[in-house]
Amino acid sequence: MENKNELSPEWEADLPVLGALKKAMPQQVPAGYFNALPTIMLSKVRPTVEEAKTVKMASMRNWMRYAAAAVLIGVVLIAGYFYTIDKSPQPIIYPKNVDIAVMLPYLSDNDLQLYLNTSTAIAGVANSIESNEILEPAEIDLAELSDEDLMQYLNEQNKPIVKKSS
Amino acid sequence: MFEEDTAILLGFKVSATKELAYTSLVKKYQEKLYWHIRRMLVSHEDTNDVLQNTFIKVWRGLENFREDSQLFTWLYRIATNECLSFLAQQKRKGSESFEDIAEAYSNKVKSDPDFDANRLEWKLQLAIQQLPEKQKIVFNLRYYDEMSYQEMSKVLGTSEGALKASYHHAAKKIEAFIINS
């Protein structure tokens with residue numbers, strides 16, 4: 001830069017105060033500031049060099065964005081499915097006008113046991129098969145039973161009745 | 001360590017010496033740019049922010065620097081533009097009038113722990129704060145940095161005649177302020 005005195009136009013001679021002043025700034029700078037600044041600046045600009053490599057990271061970020069979107073859509077769909085399905089217990093629909101006697105041979109023991117257990121729950125203990133007393137044949141005095149009682153019993157047991165002709 | 005501007009510019013173009021050249025540049029110009037900015041912004045903290053931004057822009061732009069202009073002129077131009085951007089930002093935040101801004105900067109000068117109202121150097125600092133921004137820059141570059149009008153013209157993009165007139169008005173105002181205070 002050029003020397004101010006060499007450049008000063010004539011009118012600067014009319015500025016006695018400015019001419020008499022020292023040009024030093026009266027403010028202070030924190031101690032060690034100028035020693036530290038070059039290192040600080042270098043540390044600040046170095047990441048800028050790394051930024052050039054982040055171009056690849058940007059495309060990777062795009063890929064991750066799509067993956068995240070796909071996961072989000074999946075979660076929403078699954079959540080929607082579980083939210084919309086009816087979680088209340090379905091009522092048991094018993095078939096009407098079904099002849100039990102016809103169906104009975106086709107049912108397994110397990111089915112029957114399940115039916116009896118369910119019937120116990122619905123009909124109550126008093127009406128369940130478990131509460132029925134089964135009498136030993138020796139305890140039954142057949143002489144006291146009428147023909148009608150015997151017929152009813154046999155019907156209940158679902159056994160065909162064959163009357164012998166006398 | 002690179003001493004000459006041409007050595008710094010050459011060193012910056014080679015990746016192995018780029019950081020060394022940059023450090024040399026910062027060491028060589030940091031004080032001049034610091035005071036150029038601080039005369040405008042007064043506070044050390046603001047000056048530090050703007051100076052760091054200036055050097056970051058220098059790092060980014062130095063590769064494209066055209067050597068048909070002087071390096072120090074280019075650095076001053078970046079620093080001056082950073083200062084003006086900072087001041088414009090401050091104005092937008094506060095939306096204050098010129099008088100309010102001048103008052104605020106005078107108060108910043110007075111808040112310095114070393115401030116002495118009887119010393120001429122401090123009176124000069126207060127007087128500079130009364131100037132409009134452009135006159136302030138012109139006065140500082142001419143009075144403190146002793147920059148020629150030709151160089152100032154390159155820094156500020158203003159004609160030499162306009163700069164001379166601007167400095168003349170600024171110097172007269174400052175003389176009057178100091179004499180009357």
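Predicted model: local features only at pLDDT ≥ 70, side-chain atom pairs only at ≥ 80, totals over all residues.
View 1. Two salt bridges are counted between chain B and chain A, each defined as a side-chain nitrogen of Lys or Arg within 4 Å of a carboxyl oxygen of Asp or Glu. One of them joins A:Arg46 to B:Glu19, with 2.6 Å between the closest N and O atoms.

**View 2. Area buried between chain B and chain A.** The two chains bury about 4,000 Å² between them, 67% of it on carbon and sulfur atoms; buried area is the accessible area (1.4 Å probe) that two parts lose on being put together, summed over both. On the chain B side, B:Tyr143, B:Glu146 and B:Glu175 lose the most area to chain A, together 16% of what that side buries. The contact, meaning heavy atoms within 4.5 Å, takes 50 residues from chain B and 36 residues from chain A.

**View 3. Chain B.** Of the 181 residues in chain B, 52% are buried, that is, under 20% relative accessible area (1.4 Å probe, protein chains only). Local features need pLDDT of at least 70, whereas totals for chains, interfaces and linings use all residues. Side-chain values use heavy atoms, leaving out hydrogens and water, and residues are numbered from 1 along each chain.

Conventions. Chains lettered and ligands numbered in written order. Buried < 20%, exposed > 50% of the residue type's maximum accessible area, 1.4 Å probe, protein only.
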